[in-house]
Amino acid sequence: HFVPALFTPDMLAGGTAVVIDVLRASTTVCHALHAGADRVVPCGSVEDARETAAALRAKGEAALLGGERMCVKVDGFDLGNSPVEYTAETVGGKPVVLTTTNGTAALFRCLEAREVLVGSFANLSALCERLAGGDGRVNLVCAGTDRNLTAEDALFAGRVANRLVEAGSGTLDHHDADPARLAATFATANPETAAVLHDSRGGRNLARLGRESDIEVCAAADSAPVVPRLTGDALRPVS
Ligand code: MLT
């Protein structure tokens, strides 16, 4: 049986972990892979990202460096962390080395899981289909901000939980499922995704930086229908 659980990546072994950072890292990963990036290599630090990209370039790969600190592109990087930067023209066929403050860090907390996937509104339906066809426990791991839960990530987790329950492929009737029930209730009470994102901590932060249009992009459902999966050191679309 299949039990959507949430938030705490402390019971990952044997299950599927879905890493969620709606604003914006998990949306950006989906957009990059949907645009045809060869793979996304997550890195925990700016230094690690620079070294990883340099090593790939030394091997003849046209690696791009992407990511942010304080929501702003890192000095010397090719790309920031806005999904709209990751177009076919820019990333097609190339590896992207990505480091972000919360999103890529959350990925590294999930390495014990049997399978690590990435979720965002951009791949909501494709992800739910994949999860419905799987088995075992699903941990919907909300990256949040500075290890605090954020509304946009909880909203997405709740949408996934509701879809799985509606499809008959998940149950919240489990002693670990209280967080999932809370998220599901929140998602049912808030059908307007963009409104929640605008009003969230991450959304207000992006608005302050003049990146309101990113919020709309991150709220759009099924705009990048790929399911990124961590294989070795890189995220690639599940085929
Ligand atoms: C993060 O990983 O902390 C976020 O994606 C930050 C951002 O929106 O750039």
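Leaving aside residues within four places in sequence, His-198 is in contact with Gly-203 and Ile-215, where contact requires that the C-beta atoms of two residues, placed from the backbone, lie within 7 Å. The model is a predicted one, in which local features need pLDDT of at least 70 and side-chain atom pairs count only at pLDDT 80 or more, while totals for chains, interfaces and linings use all residues. Residues are numbered from 1 along each chain as its sequence is written.

His-198 belongs to helix α8 (residues 193-199). Helices (H or I, at least four residues) and strands (E, at least two) are DSSP runs, numbered from the N terminus. His-198 has 17 C-beta neighbours inside 10 Å and therefore counts as partly exposed. On this scale a residue is buried if 20 or more other C-beta atoms, placed from the backbone, lie within 10 Å of its own, exposed if 12 or fewer, and partly exposed in between. Between the C-alpha atoms of His-198 and Cys-71 the distance is 15 Å, with 127 residues separating the two in sequence.

Cys-71 is also one of the residues that surround the ligand; the others are Asp-21, Leu-23, Arg-24, Ala-25, Glu-68, Asn-81, Thr-100, Thr-101, Asn-102, Gly-103 and Gly-202. A residue is near a molecule or strand if its C-beta atom, placed from the backbone, lies within 6 Å of it. By class, the shell around the ligand has three nonpolar, six polar and three charged residues. Ala, Val, Leu, Ile, Met, Phe, Trp, Tyr, Cys and Pro count as nonpolar, Asp, Glu, Lys and Arg as charged, and the others, Gly among them, as polar. Within the backbone, the peptide bond from Leu-23 to Arg-24 is cis, with omega near 5 degrees. Arg-24 lies in the loop between β2 (16-20) and α1 (25-34).

Two residues other than glycine were examined for positive phi. Met-70, in the loop between β4 (64-69) and β5 (72-73), has phi near 55 degrees. Met-70 is exposed, because 8 other C-beta atoms lie within 10 Å. Asp-222, in the loop between α10 and β9 (228-231), has phi of about 60 degrees. Asp-222 has 13 other C-beta atoms within 10 Å and is therefore partly exposed.

Two packed helices are described by the angle between their axes and the distance between the axes. Helix α9 (residues 201-208) and helix α10 (residues 212-219) pack at about 140 degrees, with axes 7 Å apart. The axes are lines fitted to C-alpha atoms, for helices over the stretch in contact, and angles run from 0 to 180 degrees between N-to-C directions. α9 and α10 are therefore oblique to each other; angles under 35 degrees count as roughly parallel, over 145 as roughly antiparallel, 65 to 115 as roughly perpendicular and the rest as oblique. Gly-203, Leu-206 and Ala-207 of α9 meet Glu-212, Asp-214 and Ile-215 of α10. These residues comprise three nonpolar, one polar and two charged.

The axes of helix α5 (residues 124-132) and helix α6 (residues 151-166) come within 10 Å and cross at roughly 50 degrees. α5 and α6 are therefore oblique to each other. On the α6 side, the contact includes Arg-159 and Val-160. Arg-159 is also touched by Ala-187, a residue of helix α7 (residues 178-189). Ala-187 is buried, because 21 other C-beta atoms lie within 10 Å.
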